[in-house]
Amino acid sequence: MIQITQTPGLTTEQKRAVIEAVTAAYAEAAGKNPDKVWVTITEVQGENWGVGGTPLA
């Protein structure tokens, strides 16, 4: 399972493209069957996320 955590903003179409691309890249690099690769996208609001001690929002 590959988990992607990001701030909101991608469209449904962009999320589909990310899932397809990540699946293909991992399957190729790891020699795995793409049908067995799971990808999740979790969106976290900027006020709930900080980098270097500073909130993103």
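Predicted model: local features only at pLDDT ≥ 70, side-chain atom pairs only at ≥ 80, totals over all residues.
Now look for the partner of K15. The side chain forms a salt bridge with E43, and the closest N and O atoms of the two residues are 3.1 Å apart. K15 belongs to helix 1 and E43 to strand 2, so this pair ties together parts that are 28 residues apart in sequence. E43 is partly exposed too, as its relative accessible area is 35%. Side chains of opposite charge can pair when their charged atoms come close. Counting salt bridges with a cut-off of within 4 Å between nitrogen and carboxyl oxygen, the total comes to 1.

From E43, let your eye move to the strands. Strand 2 covers residues 39–43, and strand 1 covers residues 2–6; the two run parallel and are joined by 5 bridges. To get from strand 1 to strand 2, the chain passes through helix 1, residues 12–30, in a β-α-β crossover that is right-handed.

Put together, the picture has two linked parts: strand 1 and strand 2 lie parallel, joined by their bridges, and the salt bridge between K15 and E43 ties helix 1 to strand 2.

Note on methods. Residues numbered from 1 in each chain as written. Heavy atoms only, no water. Pairing = 2+ DSSP bridges. Helix = DSSP H or I, 4+ residues; strand = E, 2+ residues; numbered from the N terminus. Right-handed = clockwise from strand over helix to strand, strands pointing away. Buried < 20%, exposed > 50% of the residue type's maximum accessible area, 1.4 Å probe, protein only.
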